[in-house]
Amino acid sequence: MNTINALKKIKKQLHESGFKLTPQREATLQVLLENEKDHLSAEEIFFFVKRKSPEIGLATVYRTLEILTEINVLDKVSFNDGVARYDLRKEGAKHFHHHLLCLECGNIEEIEEDLLGAVEEIVESNYHFLVKDHRLTFHGICQNCQKKALAEQNAVTQQTNN
């Protein structure tokens, strides 16, 4: 979805929730939309927003992020680095999307498919628990790091054999 359409939809969500799309919120949203795949922290978002609008303070960015999280425009995520990061919720998504977190390089990939439908049904029927959302992060080694480790292992084996 392009940035203009996304901003229009988010503006509508804000208005329906009793908020306005202020210039500060718009600048924050533009940074989030431009860096959608990056899972930025509040401080990183502030750094980018400050370039566009030098008058904006960190507290304003934090408030904006909290509002956008509250109205389900953003999801607040935490990986293994102890830093809260923000992720735009995909339009029409019933649930938060899943992530693959590489323990070697720290790369984060997204899985758009909802992989837990059957698990939710089991939880709801066996535990009488109404699931509203779920979050799943797979921790492992990405394909690039696996290839790199294999190449290093092959190099060591080759040196040993020579």
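Modeller: Before we start, buried means under 20% relative accessible area, exposed means over 50%, and partly exposed is anything in between, with a 1.4 Å probe and protein chains only. This is a predicted model, in which local features need pLDDT of at least 70 and side-chain atom pairs count only at pLDDT 80 or more, while totals for chains, interfaces and linings use all residues. Residues are numbered from 1 along each chain as its sequence is written, and side-chain values use heavy atoms, with hydrogens and water left out.

Colleague: Fine, so how many residues of β3 are buried?

Modeller: Of the 5 residues in β3, 4 are buried, so the strand is mostly covered. Helices (H or I, at least four residues) and strands (E, at least two) are DSSP runs, numbered from the N terminus.

Colleague: And in what order do the strands of the open sheet come?

Modeller: The order is β4-β3-β5, an open sheet of 3 strands with mixed pairing, where two strands pair if DSSP finds at least two bridges between them. β4 (108-111) and β5 (137-140) are the edge strands, each pairing on one side only. Direction ignored, neighbouring strands of this sheet are turned by 20° against each other on average.

Colleague: What does Ile141 touch, leaving out residues up to four places away in sequence?

Modeller: With contact meaning heavy atoms within 4.5 Å, Ile141 touches Cys102, Leu103, Glu104 and Gln146. Ile141 sits in the loop between β5 and α6 (143-161), and its C-alpha atom is 6.3 Å from that of Glu104, although the two residues are 37 apart along the chain. Its relative accessible area is 38%, which means that Ile141 is partly exposed.

Colleague: Changing topic to the cysteines, how many disulfides does the count come to?

Modeller: The count comes to 0 disulfides, a disulfide being a pair of cysteine sulfur atoms within 2.5 Å. The cysteine sulfur closest to that of Cys142 belongs to Cys145, and at 3.6 Å it is too far for a bond.

Colleague: Is Cys142 buried or exposed?

Modeller: Cys142 is buried, at 13% relative accessibility, and Cys145 is buried too, with a relative accessible area of 14%.

Colleague: What about the other strands, which way do β1 and β2 pair?

Modeller: They pair in the antiparallel sense, over 5 bridges, and Leu74 stands opposite Leu88 in β2. Strand β2 (residues 84-88) is mostly covered, with 4 of its 5 residues buried.

Colleague: At what angle do the axes of α2 and α4 cross?

Modeller: Helix α2 (residues 23-34) and helix α4 (residues 58-70) have axes that come within 10 Å and cross at roughly 70°. Axes are lines fitted to C-alpha atoms, for helices over the stretch in contact, and angles run from 0 to 180 degrees between N-to-C directions. Angles under 35 degrees count as roughly parallel, over 145 as roughly antiparallel, 65 to 115 as roughly perpendicular and the rest as oblique, and α2 and α4 are therefore roughly perpendicular to each other.

Colleague: Which residues make that contact?

Modeller: From α2 they are Gln24, Arg25, Thr28, Leu29 and Leu32, and from α4 they are Thr60, Val61, Thr64, Leu65, Ile67 and Leu68.

Colleague: Last topic, backbone angles: what is the phi of Asn72?

Modeller: Asn72 is not a glycine, yet its phi is positive, at about 65°. Asn72 lies in the loop between α4 and β1 (74-78) and is partly exposed, with a relative accessible area of 45%. His128 also has a positive phi, near 50°, and is a residue other than glycine; His128 is found in the loop between α5 (117-127) and β5, where it counts as exposed at 71% relative accessibility.
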